[in-house]
Amino acid sequence: SSNFVPQIASGCVAEQAGATQALNDLLMQSYDNILHFFPAGWDSAANASFAGLRGRGAFVVTAQWVDGAVGNGVAIRSEAGLNCTFVEPFEPGASLDVRDSAGKESTLTKLPNLTPQGKAVYQFRTERGESYSISRQRTWRMY
């Protein structure tokens, strides 16, 4: 349809929009201005990805779920320049690295609140129109 509303046989528009919202919520949630990527955890054998999902705060997000974890980081474009608040996307305690499109590291603040699942919540400042990547911080080992 030209208005981007899915056309499901014998369903009203509200039901159709609800089906789309339920699917999106499996991929990303953004309630209370906190982005939560793949909140359902998914199966370790399942692979999934999304591109261009909009989150509260005018953020456009792209991410993938590979072999039971968020793979290769999360890409976020800020359309309004607000602070970006998100639930840690990797295993608890993983060191995170946030960089803008030029590779400049962003200051990441760990907030005092935890999710009901015990995951940490982080925040960083954004600039309008800038893109950011959230990834695991690389660690180097000397042998």
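Arg-99 is partly exposed, with a relative accessible area of 29%, where partly exposed lies between buried, under 20% relative accessible area, and exposed, over 50% (1.4 Å probe, protein chains only). This is a predicted model, in which local features need pLDDT of at least 70 and side-chain atom pairs count only at pLDDT 80 or more, while totals for chains, interfaces and linings use all residues. Residues are numbered from 1 along each chain as its sequence is written, and side-chain values use heavy atoms, with hydrogens and water left out.

The side chain of Arg-99 forms a salt bridge with Asp-97 at 2.8 Å, N to O, a salt bridge being a side-chain nitrogen of Lys or Arg within 4 Å of a carboxyl oxygen of Asp or Glu. Arg-99 also meets Glu-105 in a salt bridge at 3.9 Å, N to O; Asp-97 is buried at 10%, whereas Glu-105 is partly exposed at 43%.

Five salt bridges are found in the whole structure, including one between Glu-91 and Arg-136 at 3.4 Å, N to O. Because Glu-91 lies in the loop between β6 (84–87) and β7 and Arg-136 in strand β10, this pair ties together parts that are 45 residues apart in sequence; strands here are DSSP runs (E, at least two residues), numbered from the N terminus.

Strands β7 and β10 belong to an open sheet of five strands, ordered β3-β4-β5-β10-β7 with antiparallel pairing, where two strands pair if DSSP finds at least two bridges between them. β3 (48–55) and β7 (96–100) each have a single partner strand, so one side of each is left without a neighbour in the sheet.

Note on methods
Helix = DSSP H or I, 4+ residues; strand = E, 2+ residues; numbered from the N terminus.
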